[in-house]
Amino acid sequence: MEFNINNITSLIGIFVSVFLVVFLFSSKKKVSNYFLAAYLICLAIDIGAGFMTIYVHPYFPKLGIFLSLSIYFVPPLLYFFIKSTVYKDFKLSYRTFLHTLPFILVNIILIPHFYLWDFDDGNVWEITDSFFFVYLIPSIYISLHILSFLYLLLSFFILFAFDFHIRKN
């Protein structure tokens, strides 16, 4: 592995995220701290994607894709962090876990198209002409951006409502 500015900044970002996660887990036990810690863990996995390409994907391609899809947790975790910070009476419910459905659905879709592939011959990228690369990767990419936009919109609505409530009182 060569050390260039991209790798060095990625390592610094991962280190800072891990440091903040340890701090958040050792500080006051609040739901918002757990959401922020989970958000930072998912971001650290996403920042480390360059390292996963080198160290994880060639040897464990299925684990690499599964970890890469943890980016689907980032928008809901940020939304719930904001919601649990703004509302002091925030409680986890079964509806909260419904926000993991995009991650679960993408993994279910990938079962026949990626997870069941046999990579024993060592050639991980032999499926470049398959349905996976032609249709699924672009649709996953687009769905992730739509999901991110919707959760950011919801987060802004919560923040604007909170700001309106504070200014009113």
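Bear in mind that the model is a predicted one. Leu150 sits in helix α7, which covers residues 131–168. It also contributes to a nonpolar surface patch of about 1200 Å², whose other members include Tyr141, Ile146, Phe149, Leu153, Phe157 and Phe160.

Now step back to the whole chain. It has seven helices and zero strands, giving the pattern α-α-α-α-α-α-α along the sequence. Of its 169 residues, 33% are buried. The accessible surface comes to about 11200 Å², and carbon and sulfur atoms account for 73% of that. Among contacts between residues at least 6 apart in sequence, 67% join residues at least 24 apart.

Next, look at the aromatic rings. A pair of them is described by the distance of the centres and the angle of the planes. The structure holds nine aromatic pairs. In one of them, Phe35 and Phe90 have ring centres 6.0 Å apart and planes at 65°, so this pair is edge-to-face. Because Phe35 lies in helix α2 (residues 31–47) and Phe90 in the loop between α5 (74–86) and α6 (101–115), the pair ties together parts that are 55 residues apart in sequence. Phe35 counts as buried at 11% relative accessibility, and Phe90 is buried too, with a relative accessible area of 12%.

Tyr79 and Phe80 make another edge-to-face pair, 5.1 Å centre to centre with 65° between the planes. Both Tyr79 and Phe80 are buried. Together with Tyr151, the residues Phe35, Tyr79, Phe80 and Phe90 form one aromatic cluster.

How values were computed: Residues are numbered from 1 along each chain as its sequence is written. This is a predicted model: local features need pLDDT of at least 70, side-chain atom pairs count only at pLDDT 80 or more; totals for chains, interfaces and linings use all residues. Side-chain values use heavy atoms; hydrogens and water are left out. Patches are made of residues with over 30% relative accessible area and no salt bridge: like charges are joined within 9 Å, nonpolar side chains (Val, Leu, Ile, Met, Phe, Trp, Tyr) within 5 Å. Accessible areas come from the Shrake-Rupley method with a 1.4 Å probe; for residues, only the protein chains shown count as cover. A salt bridge is a side-chain nitrogen of Lys or Arg within 4 Å of a carboxyl oxygen of Asp or Glu. Helices (H or I, at least four residues) and strands (E, at least two) are DSSP runs, numbered from the N terminus. Buried means under 20% relative accessible area, exposed over 50%, partly exposed in between (1.4 Å probe, protein chains only). Contact means heavy atoms within 4.5 Å. Rings of Phe, Tyr and Trp (its six-membered ring) pair if their centres lie within 6.5 Å; planes under 30 degrees apart count as stacked, over 60 as edge-to-face and the rest as tilted.
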